[in-house]
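This report goes through one protein chain, from its overall make-up to single residues. Please look at the sequence and the structure before reading on.

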Amino acid sequence: GASNEHDGVGLLALRSVVSIPAMHTVLTRNDIALADELRTFERAVEDVTVYAASELVVDGPETEVVVFDYARRRETVDPVEHLRALERQPDDDALLEAGLRRWVRNVAVGAAPRGFGYDAVTELWFDSLDQVADAAPAITAFLERRGAHTERRASVLLVTTVIHQLGRTRP
């Protein structure tokens, strides 16, 4: 779905959580980059940056299309219980049958900016937008299986196309 809160997604693979303070300094103390950001995006990158630890659930190539699920857990659900609910389940094989090429689970670490308090970000990689459309029933079922733990009204689902890639495949 569309979101008025997000106008782009940038993924930066850091080798370790120890890199977060240095990366945060780069994002928040570069006035030249800030001027460019504000010409391009509605808000500065530092205002929407979420740091996460990544786990590769299904190994495969980074393709041209990614479905991002920015998930917030229900207030009544313990954070660890929420993360367990996001683990791969037998019924998730329907995603593979629908053309899923890669699945990465990202768990938020560190404080998130105001309004971007997501507990996890799931990446589902597909070859094309048509394939995502064809996989819609499997994606919907995937989200519904986690509905008891995830507050869907406070979560965001984005379908994005990759514009530019640098470096090696993450994680």
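Which residues of β4 are buried on one side, and which on the other? On one side they are A120, T122, L124 and F126, and on the other V121, E123 and W125, so named here as strand residues under the DSSP definition below.

## Basis of the model

This is a predicted model: local features need pLDDT of at least 70, side-chain atom pairs count only at pLDDT 80 or more, and totals for chains, interfaces and linings use all residues. Residues are numbered from 1 along each chain as its sequence is written, and side-chain values use heavy atoms, with hydrogens and water left out.

## The chain as a whole

The chain has 6 helices and 5 strands. Helices (H or I, at least four residues) and strands (E, at least two) are DSSP runs, numbered from the N terminus. Read from that end, the elements follow the order α-α-β-β-α-α-β-β-α-α-β.

Of the 171 residues in the chain, 35% are buried. Buried means under 20% relative accessible area, exposed over 50%, and partly exposed in between (1.4 Å probe, protein chains only). The accessible surface of the chain is about 10100 Å², and carbon and sulfur atoms account for 52% of it. Such areas come from the Shrake-Rupley method with a 1.4 Å probe; for residues, only the protein chains shown count as cover. Among contacts (heavy atoms within 4.5 Å) between residues at least 6 apart in sequence, 82% join residues at least 24 apart.

## The sheet

The 5 strands form an open sheet in the order β1-β3-β4-β2-β5, with antiparallel pairing. Its edge strands are β1 (52-58) and β5 (156-161), each of which pairs on one side only. From one strand to the next, the twist averages 20 degrees. Two strands pair if DSSP finds at least two bridges between them.

Strand β4 (residues 120-126) is joined to β2 (residues 65-71) by 7 bridges, and A71 stands opposite A120 in β4. On β3 the count is 6 bridges to β4, again antiparallel, and V104 stands opposite E123 in β4. In β4, 7 of its 7 residues are buried, and both faces of the strand are covered.

Helix α6 (residues 136-145) lies across β2, β3 (102-108), β4 and β5, and runs at about 160 degrees to β4. Axes are lines fitted to C-alpha atoms, for helices over the stretch in contact, and angles run from 0 to 180 degrees between N-to-C directions.

There are 3 aromatic pairs. Rings of Phe, Tyr and Trp (its six-membered ring) pair if their centres lie within 6.5 Å; planes under 30 degrees apart count as stacked, over 60 as edge-to-face and the rest as tilted. The ring centres of W103 and F142 are 5.3 Å apart and the planes stand at 80 degrees, so this pair is edge-to-face. Because W103 lies in strand β3 and F142 in helix α6, the pair ties together parts that are 39 residues apart in sequence. Both W103 and F142 are buried.

Ring pairs also link F68, Y70 and Y118 into a cluster. The charged end of R72 sits over the ring of Y118, 4.5 Å from its centre. A charge sits over a ring if NZ of Lys or CZ of Arg is within 6 Å of the ring centre and within 35 degrees of the ring normal.

## Residue H149

H149 is in the loop between α6 and β5. Why does H149 count as buried? Its relative accessibility is 18%. Leaving aside neighbours within four places in sequence, H149 is in contact with R72, R73, R74, V77, E81, H82 and A85.
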